[in-house]
Amino acid sequence: MMIWLLRIIKLTAILVPLLCILVYFTLNSSKPTLNAEITTPIPELTTVERDNNGIATFTSTSRESIAYALGFVHAEERFFQMDLLRKNSAGELSELFGTLAVDFDSKIRVHQFRKRATRYLKDLPQDHRQILEQYTKGVNAGLANLTVKPFEYLILNTAPTDWKAEDSLLVLYSMYIDLQHQFGDREQLLGKIKNHFGSDIYHFLNPAGSIWDASIDDTRFPESPIPTQGFKSQSTANNSLDTAPYYVLSNNHHESLPGSNSWVVSGELSKTKSAMLANDMHLGIRVPNIWYRAGFRYPINDRKIAIDGVTLPGTPAMVVGSNRQIAWGFTNSYGDWSDLIVLNTTDKGKSYKTPSGNKPIIKEQEIIKVKGGADKVITISSSQWGPIIGYDSNGNPLSMRWTAHDPEGMNFNLLNLETALSTEQAINIAHTMAIPAQNIVIADNQGQIAWTIAGPMPVKESSLDSPDWETPQDWSQGDYRWLGYFSSEEKPTVMNPSSNRVWTGNSRVVGNDMYKKIGNGGYALGARSLQIKQGLFALDQFSEQDFLNIQNDNKALFLTRWQALINDELLTPDFVSENQLEALKLHIENWQQRASIDSVGYTIVRAFRVEVRQSMFDILLAPLKNTKTSKVDIHPIRHQIETPMWAILTSKPEHISPTGFANWNDFLEQALLRTIKKLKDKHGSLDNANWGTINTAKVQHPLSKAVPALSWLLDMPSMPAAGDSYMPRVQGPDFGSSERFVVSPGHEESAILHMPSGQSGHPLSPYYGNGHKNWIQGTPSPLLPGSTEYTLTLTPKERD
């Protein structure tokens with residue numbers, strides 16, 4: 001037995017290194033091509049130069065060849081990411097992940113985005129279709145050029161499928177899903193609140209304005225008054241606070257809001273005398289990052305185009321960038337771009353009423369292909385207004401009217417920004433763009449600035465004196481209707497305001513008639529925008545570093561009043577002594593007023609606010625949760641209820657009392673004690689609960705989440721990160737600025753751009769993870785690439 005044991009040990013000692021070598025060479029064979037000359041069906045000779053960080057500069061004599069080369073490089077560097085994006089919106093993830101993804105695919109298929117993409121591709125102008133076609137050819141050529149298929153497919157034991165031109169539209173549909181409520185969650189929740197509690201409480205929980213309003217036209221909307229009646233049926237509520245919370249203290253997802261910061265100042269205020277722009281887009285952060293840094297160099301007529309910024313793998317466009325004449329950036333607009341219609345059904349649910357008579361509900365079948373399993377057939381039901389996405393609390397079908405479903409919701413006019421010469425021209429292009437409706441801000445080298453909405457804006461009409469577009473409504477009588485879309489000339493626009501400043505942060509940007517056209521689809525609380533505004537008015541002249549300083553601003557202005565509430569009202573000498581809270585009081589007094597990594601006081605104040613919000617609305621909305629409706633979660637309105645919550649805490653109305661507590665002060669004291677207990681249970685002591693311990697950036701590859709053993713190879717190193725929600729420096733463990741971009745057009749040599757996790761999606765890439773540390777620390781790195789380290793040349797095949 002000893003002899004055989006020794007033989008097995010020796011054999012293992014030989015086989016394990018051989019297996020590691022085999023895995024390494026297999027993995028190495030799927031790396032992208034960096035230095036080579038390759039003959040392909042590209043229209044014209046094109047070079048791809050990369051610096052030591054992998055930043056790619058594409059040079060050719062035509063935009064079509066740039067598109068081909070970009071597709072080639074995207075495929076070699078990021079194909080799995082692209083595949084996830086197209087399958088995400090198409091409801092085809094089951095083809096990769098099997099039965100694990102069937103429920104998601106079944107739900108998202110209701111939108112039938114692949115059918116729409118295939119149909120709307122034909123409507124694109126010829127020059128854009130040609131660019132998409134060349135990009136598609138480049139993607140498939142790049143995929144075929146790899147010696148071994150991308151490593152993710154080796155792990156999943158499946159094969160990648162070719163790219164189609166309509167897949168690039170599916171990538172844009174994935175952005176619709178990320179940036180807008182694809183199932184009208186906010187509208188459904190507000191409808192349940194209004195139906196159950198009445199208009200007064202509905203308006204109270206859905207206020208038009210707050211003290212945080214920070215519009216660029218200085219319009220202010222009032223807060224809603226505290227309703228004179230209480231929240232009904234509180235005596236029947238289950239007031240236990242020991243149930244599983246909706247929010248987890250150590251996870252920032254409960255506060256994250258897909259969006260962005262962006263602002264511009266005119267040449268009057270910039271040190272370069274050109275206008276200056278900043279943009280940081282807030283999304284979930286993973287490996288690889290959603291964006292791919294690139295520069296394009298090509299001629300058009302007698303002009304040489306030089307543009308640098310970030311592209312979105314899966315599409316041929318520069319999403320955010322600068323072309324020396326203009327620069328642009330986006331933030332999610334959160335206007336009202338969809339509506340839920342309560343269908344008034346007849347004929348046992350087979351038909352529904354419309355202003356022009358009864359119509360049958362249309363049913364279509366969709367087939368979901370499941371890896372390793374049988375196909376699943378699902379049925380999609382729809383009305384003339386759109387697909388049926390769910391049911392209200394009374395069991396009535398809800399049909400969704402959404403800009404993403406219409407042909408007006410999809411085009412690639414973003415490509416036209418690459419050649420724009422001025423702010424005015426860029427605004428005219430933005431008005432024709434069909435993307436998830438965004439705030440776009442423009443800066444040009446002549447010092448001009450502007451803001452507008454880029455994306456489709458529906459024209460809504462109602463015959464009612466006070467229509468409610470924010471909750472589901474019955475459209476069968478013709479009281480509500482869409483009348484097409486606003487024209488370019490009708491879209492809200494602000495150019496060269498007298499303040500020489502424009503800022504957006506996902507909150508309401510304008511008021512009056514412009515606001516009426518945009519509506520409210522769930523704006524962010526204006527705290528972040530207000531802090532940006534204060535930063536912009538603190539100086540009379542700005543450099544790129546000044547803009548980056550605002551992007552990195554982690555002052556906790558939003559939580560200042562919460563710190564004062566704890567320190568001044570709750571931590572009385574008797575309460576501190578009775579509960580042995582001396583250490584807590586010191587942390588609160590020395591909280592730094594920043595989301596800095598070494599602050600314990602910040603952690604406590606933040607956690608207390610979350611605990612109060614959770615507990616308060618568990619109690620107040622308990623009657624709604626105890627009805628036959630589906631589970632009610634305040635997540636879709638988590639930002640807007642700060643205003644009514646603070647109104648209750650400051651006025652402490654007796655008719656809205658916290659059931660189960662002596663009074664509001666007792667409620668707050670108990671919330672503070674629960675907060676401290678949770679922190680101690682998790683961290684051992686308060687001293688260990690600094691913000692960096694909780695807010696540790698854990699940027700992971702999608703596969704490492706499923707296979708943790710791959711984490712050492714694929715994930716970025718975990719690092720404590722400053723910042724949080726409700727401040728310009730938005731930062732969570734896996735959420736935050738997907739890039740930080742600062743540029744003054746014509747002065748790109750001093751521009752700044754950094755992003756998490758770096759350029760490549762391949763762990764053996766020589767620049768895998770490069771730039772991630774700059775992103776964590778908020779230190780500047782240049783927009784323009786450094787000296788060339790790698791050159792890939794794509795040469796056209798000889799033509800007959």
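Predicted model: local features only at pLDDT ≥ 70, side-chain atom pairs only at ≥ 80, totals over all residues.
A polar contact is a pair of N or O atoms within 3.5 Å, where, inside a protein, one atom must be able to donate a hydrogen and the other to accept it. The side chain of Thr471 reaches the side chain of Gln473 in a polar contact of 2.9 Å. Another polar contact, of 3.0 Å, links the Thr471 side chain to that of Asp468. Thr471 belongs to a loop, the one running between strand E20 (458-462) and strand E21 (480-485). Beyond its neighbours within four places in sequence, Thr471 touches Glu187, Leu190, Gly191, Lys194, Tyr202 and Leu340.

Now for the chain as a whole. The chain is built with 25 helices and 29 strands. Along the principal axes, the C-alpha atoms take up a box of roughly 85 × 80 × 65 Å. Of the 800 residues, 61% count as buried. Contacts tell a story about sequence distance too: taking those between residues at least 6 apart in sequence, 73% join residues that are at least 24 apart.

Asp724 and Glu255 are 469 residues apart in sequence, yet their C-alpha atoms are 8.7 Å apart in space. Asp724 sits in the loop between strand E25 (719-720) and strand E26 (735-737), and its relative accessibility of 3% means that Asp724 counts as buried. The side chain of Asp724 also pairs up with the side chain of Arg606 in a polar contact of 2.5 Å.

Gln81 is a helix residue, found in helix H2 (residues 63-90). At 4% relative accessibility, Gln81 counts as buried. Its side chain makes a polar contact of 2.7 Å with the side chain of Arg78. Setting aside neighbours within four places in sequence, Gln81 is in contact with Pro288, Asn289, Ile290 and Pro313. One of these partners, Pro288, has a backbone feature to look out for: a cis peptide bond joins Val287 and Pro288, with omega at about -5°. Pro288 is part of the loop between strand E5 (276-284) and strand E6 (292-300).

Asn496 isn't a glycine, but its phi is positive, near 45°. This residue is in the loop between strand E22 (493-495) and strand E23 (501-504), and with a relative accessible area of 35%, Asn496 is partly exposed. Ser757, also not a glycine, has a positive phi of about 65°. The place of Ser757 is in the loop between strand E28 (752-754) and helix H25 (772-777). How much relative accessible area does Ser757 have? The value is 0%, so Ser757 is buried.

Helices H15 and H20 show how helices can pack against one another. In H15 (residues 560-570), the buried residues are Arg561, Trp562, Gln563, Leu565, Ile566, Asn567 and Leu570. These pack against helix H16 (573-579), helix H17 (582-589), helix H18 (600-620), helix H20 (642-651) and helix H21 (664-683).

Why is H20 described as largely enclosed by the rest of the structure? The reason is that eight of its 10 residues are buried. In H20, these are Glu642, Thr643, Pro644, Met645, Trp646, Ala647, Ile648 and Leu649. The cover over the buried residues of H20 includes helix H10 (199-205), along with H15, H18 and H21. H20 is followed by Lys652, whose phi is positive, near 45°.

Notes: Residues numbered from 1 in each chain as written. Heavy atoms only, no water. Helix = DSSP H or I, 4+ residues; strand = E, 2+ residues; numbered from the N terminus. Buried < 20%, exposed > 50% of the residue type's maximum accessible area, 1.4 Å probe, protein only. Contact = heavy atoms within 4.5 Å.
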